[in-house]
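Keep the picture open while you read.

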Amino acid sequence: MAKSEKNIPVFFNNQALAGRLFMLAGLWVLLALTAGGFVLSNIFRDFVEENFDQRMDQTLVTLIGASVPNQDNIIQLNRPLADQLFEEPYSGWYWQISGPNIEPVRSRSLWDYEFSNSQLEDGDDGSSFDIIGPDDQELRVLTQSVTFPESEMEYRFIVAGNIEEINQQVGRFDRILFWSFGGLGIGLLTAMILQVGFGLRPLRLIQKELTAIRSGRYRRLGRKYPAEVLPLVDEVNDVLDYNETLVERARTQVGNLAHALKTPLAVLVNESDSSKDSRLKSIVEKQSHSIQTHVDHYLARARVMGRSRVLGVTTPLDPAVDAILRVIPKMHKNKSLNIINELPKGFDVFAERQDVDELLGNILDNAAKWTKDSIKISGHYELGEAKNFLELVIEDNGPGVDLNKIPQILERGKRLDETVPGSGLGMSIVQDIIDLMGGSIQLSKSDMGGLKVAMRIPAQAHT
Amino acid sequence: MRILIVEDDEDLARQLQGALDDAGYTYDYAADGEEGHFLGDTEPYDAIILDIGLPIMDGLSVLEKWRQDGHKTPVLLLTARDSWTDKVAGLDAGADDYLAKPFKMEELLARLRALIRRSSGNASSELTCGNVRLDTRNAKVTFDGQAVKLTAQEFKLLAYMMHHKGQVISRTELTEHIYDQDFDRDSNTIEVFVNRIRKKIDAPLIQTVRGLGYRLDDPEE
C-alpha cells in the first residue's frame with residue numbers, strides 16, 4: 001500500500017473495498033433519510049394547515065350564526081365567541097365583519113387594527129389565503145360573504161389566524177424528525193460499518209495467512225473461507241504451487257547443467273595432467289578451475305535464490321541430524337570419533353531439507369576433519385516475540401583456530417589450512433544458508449579446546 | 001589387486017584405466033549399471049569404482065543390490081552431485097567413500113588405497129613383512145632397505161599377499177585378483193611368479209601350503 005493511502009481511514013478510502021461499500025451505503029442512507037424527512041415534513045404541514053383551516057371555518061360558521069343585523073344594518077352578536085384568544089389584543093386570532101358603508105365590527109383582539117378591503121380583495125370566499133396583519137403578523141385568512149334575510153346588505157365575514165402557529169407546530173415536528181432520522185442514520189451507518197467489517201473479515205484473514213506464508217509459518221492458505229472467497233483462495237494456492245514448481249524446475253535445470261559439466265571437466269583436468277605439454281597443462285588447469293568456480297557459484301546461487309522464493313517450508317531437524325551423524329563416521333574412518341548428541345528433540349527449522357543437510361554436513365564434516373576424537377552437538381529452544389529460535393552448538397576438541405582468523409573462515413573459497421583437502425566453499429555455504437534462514441552464526445573457542453560453532457536459527461516445536 | 005570400474009563416460013573410464021594400470025592394479029570395466037552389477041556380483045574384486053549416473057541401472061541401485069546380496073567389497077562412489085543430501089544417500093546405500101567430480105587422479109588413487117587397506121585390516125599405507133616393505137602409494141618394494149625390481153604381475157601378486165598376510169591363498173584366488181576377466185588364466189603362471197619373487201627377495205616369506213596354496217609369513221610375528 002502506498003504511503004499516502006495509509007493516512008486515510010479505511011472507511012473513507014475509495015480505493016478500499018470497505019470504503020467503497022461504506023461510502024455508497026452512506027450516500028444511499030443520507031439520500032433516503034433526507035427525501036423521507038422532506039416528504040414527511042410536507043405531509044405534516046398539509047395536515048396542520050388543514051386542521052387550521054377547519055378551525056377557521058368552524059369559527060366563521062359560529063360567527064355567522066351568532067350575527068344579527070339591527071335596523072341600522074349594524075351587525076350585533078347575540079352571544080360572544082367562546083375562544084378567549086379573540087379577546088386578547090394581537091393574540092393572533094381575529095375576526096371582522098365588513099359591509100358597504102358601515103363601520104366594520106371587529107374582535108377585541110384586533111384592538112386598533114382593521115382589515116382593509118384592499119388587503120382582502122385578492123382572496124376568494126371559501127378558500128384560505130395569506131396576508132400581513134397587525135403587528136406585522138403573517139395571517140391566514142378565511143372569508144365568507146353573507147346576505148341576511150332581514151337586511152338586503154351583503155356582509156363579508158373574515159376570520160384570521162396567525163401562521164406562526166402552523167410554523168411552530170411544523171417546526172417542532174421537523175426538529176423531532178431531524179433528531180430521530182439523524183439517530184436512525186447514525187444507527188444504520190454503524191450497522192453498516194459492522195456489517196462491512198464482518199463481511200470483509202475473510203480478506204483480512206487471507207492477508208494474515210499470506211504474511212504467515214511469507215514468514216514460513218504456513219505453506220498454503222487454509223480452506224475455512226466463505227463460498228465467495230474460496231475460489232480466490234484456491235487460485236492463490238495454485239499460484240503458490242505453480243511458483244514452487246517453477247522455482248524447483250529452474251533450480252533442477254541449473255543443477256543438471258552444472259552437474260553435467262562436471263564429468264567433462266574431470267576428463268579435461270585428468271587428460272591435461274598426463275600431458276607432457278606444460279603450457280597446455282597449465283592453461284587447461286587454470287581454465288578448468290575457472291569453470292569449476294563458476295559452476296559451484298551458480299549451483300550455490302540457484303540454491304539460495306530458489307529457496308528465498310519457495311516459502312513456508314519447514315524441515316524436521318532430528319532425521320537430518322541423524323542422517324549426517326550416520327555418515328560422518330563413514331567419511332572419517334581413519335579416526336574413531338566420539339560424537340555426543342545432546343540436541344533437544346522434536347523441532348522443525350524453516351528451511352528445505354537439502355539446506356539443513358548442507359548446513360549440518362559442512363559444519364560436522366569440518367569438526368570431524370579437525371577434532372582429536374570428540375564432537376559435541378547441543379542446543380536449546382528460545383521463545384522470541386515474533387519468532388522462536390533454536391540455538392544450535394557444534395564443537396570439537398581439535399586444535400581450534402586463531403581467534404583473529406575467524407572472520408576469514410566464513411569467506412567464500414577461503415581455506416585456513418591448505419594441507420587439509422577441501423574446496424573452502426563449505427563454511428561460506430553455511431553462512432549463505434544461515435542468512436537465508438534468517439539466523440545468525442558465531443564462531444569462538446570451545447571449552448573442549450577446538451572450534452565452537454553457535455547458530456541461532458528460527459525454529460518451532462514439531463507439530 | 002583387482003578393481004572394477006563402472007563408468008559410462010568413455011574418456012573418464014579410459015583415464016581411470018590408465019591410472020589404475022600405472023598404479024599396478026588389475027581392472028575390469030563396465031559402461032552401464034547392468035553389466036557393472038553383473039561383474040560385481042560374479043567376480044571377486046578388491047574394490048569398485050562406481051559412478052552414480054549410469055545408463056540402464058543407476059549406480060545407487062547397483063550398490064544397493066550388491067549390499068542386499070551380501071557383497072562387502074569396498075565401493076568408491078564417483079558423482080557429479082556433491083551435496084550432502086546426495087552424500088547421505090550414497091553412503092546410506094552402502095558406499096565406503098564418496099568422491100565428487102571433477103577430481104584429481106591422485107586423490108582417487110589415495111582414496112582407493114585407503115579403501116583396500118582398511119578392508120584388509122591394514123592401518124598404514126606401507127605394508128611390511130619381515131624386512132620387506134611395500135609402499136602402496138608409489139608401488140615401490142624394498143628388501144633390507146634396497147629397492148627390489150619387480151614386474152607388474154610380480155608386484156600385483158606380492159601386494160595381494162601382503163594385504164592378506166598370514167592367510168592361506170589359493171592359486172585360483174591369486175589368479176582372480178591379479179588378472180582381469182579376459183585373461184586366459186593358467187594357474188601355473190602363479191607358480192612361476194612366486195618362484196621369481198622368492199629369487200628376488202632372499203627370505204623365506206612365501207610358504208607353500210600343500211594342496212591349498214600359499215601363505216605369506218612374517219618371521220617377526
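## Ground rules

Helices (H or I, at least four residues) and strands (E, at least two) are DSSP runs, numbered from the N terminus. Residues are numbered from 1 along each chain as its sequence is written, while chains are lettered from A and ligands numbered from 1 in the order in which they are written. This is a predicted model, where local features need pLDDT of at least 70, side-chain atom pairs count only at pLDDT 80 or more, and totals for chains, interfaces and linings use all residues.

## Chain A at a glance

Chain A holds eleven helices and 14 strands. Of its 463 residues, 24% are buried. Buried means that 20 or more other C-beta atoms lie within 10 Å of the residue's own; exposed means 12 or fewer, and partly exposed falls in between, with C-beta atoms placed from the backbone.

Contacts tell us about chain A too. Two residues are in contact if their C-beta atoms, placed from the backbone, lie within 7 Å. Take the contacts in chain A between residues at least 6 apart in sequence: 60% of them join residues at least 24 apart.

## A sheet in chain A

Five strands of chain A form an open sheet, in the order β4-β3-β7-β6-β5, with antiparallel pairing. Two strands pair if DSSP finds at least two bridges between them. The edge strands are β4 (105–106) and β5 (129–132) of chain A, and each pairs on one side only.

Look at β6 (residues 138–147) and β7 (residues 154–162) of chain A. Nine bridges join these antiparallel strands. In one of the pairs, A:T147 has A:E154 of β7(A) as its bridge partner. Helix α2 (residues 17–66) of chain A lies across β3 (93–98), β6 and β7 of chain A, and runs at about 145° to β7(A). Axes here are lines fitted to C-alpha atoms, for helices over the stretch in contact, and angles run from 0 to 180 degrees between N-to-C directions.

## Where the chains meet

How many residues does each chain bring to the contact? Chain A gives 24 residues and chain B gives 20 residues. On the side of chain A that touches chain B, α6, α7 (278–309), α8 (317–331) and α9 (353–370) of chain A each supply at least two residues. The largest share, ten residues, comes from α6(A).

That side of chain A divides into eight nonpolar, seven polar and nine charged residues. Ala, Val, Leu, Ile, Met, Phe, Trp, Tyr, Cys and Pro count as nonpolar, Asp, Glu, Lys and Arg as charged, and the others, Gly among them, as polar.

Helix α1 (residues 10–22) of chain B has 13 residues and reaches 18 Å from its first C-alpha to its last, close to the 18 Å expected at 1.5 Å a residue. The expected span is 1.5 Å times one less than the number of residues. Its buried residues are B:L12, B:A13, B:Q15, B:L16 and B:L20. Why are they on the same side of α1(B)? They cover an arc of only 160° around the axis, the arc being that of the directions from the helix axis to the C-beta atoms. They pack against α6 (230–273) of chain A together with β1 (2–6), β2 (26–30) and β3 (47–51) of chain B. The face turned away from the buried side of α1(B) carries the exposed residues B:E10 and B:D21.

Now turn to helix α6 (residues 152–163) of chain B. Ten of its twelve residues are buried, so α6(B) is largely enclosed by the rest of the structure. Among the buried residues are B:F155, B:L158 and B:M162.

## A sheet in chain B

Three strands of chain B form an open sheet in the order β10-β12-β11, with antiparallel pairing. At the edges stand β10 (168–169) and β11 (206–209) of chain B; each has a single partner strand, so one side of each is left without a neighbour in the sheet. Two bridges link β10(B) to β12 (residues 213–216) of chain B. B:I169 has B:Y214 as its bridge partner in β12(B).

Most residues other than glycine have a negative phi, and most peptide bonds are trans. A:W111 is not a glycine, yet its phi is positive, near 55°. A:W111 is in the loop between β4 and α3 (117–120) of chain A. B:I56 has a positive phi of about 70°, and lies in the loop between β3 and α3 (59–68) of chain B. A cis peptide bond joins B:K101 and B:P102, with omega about -10°.
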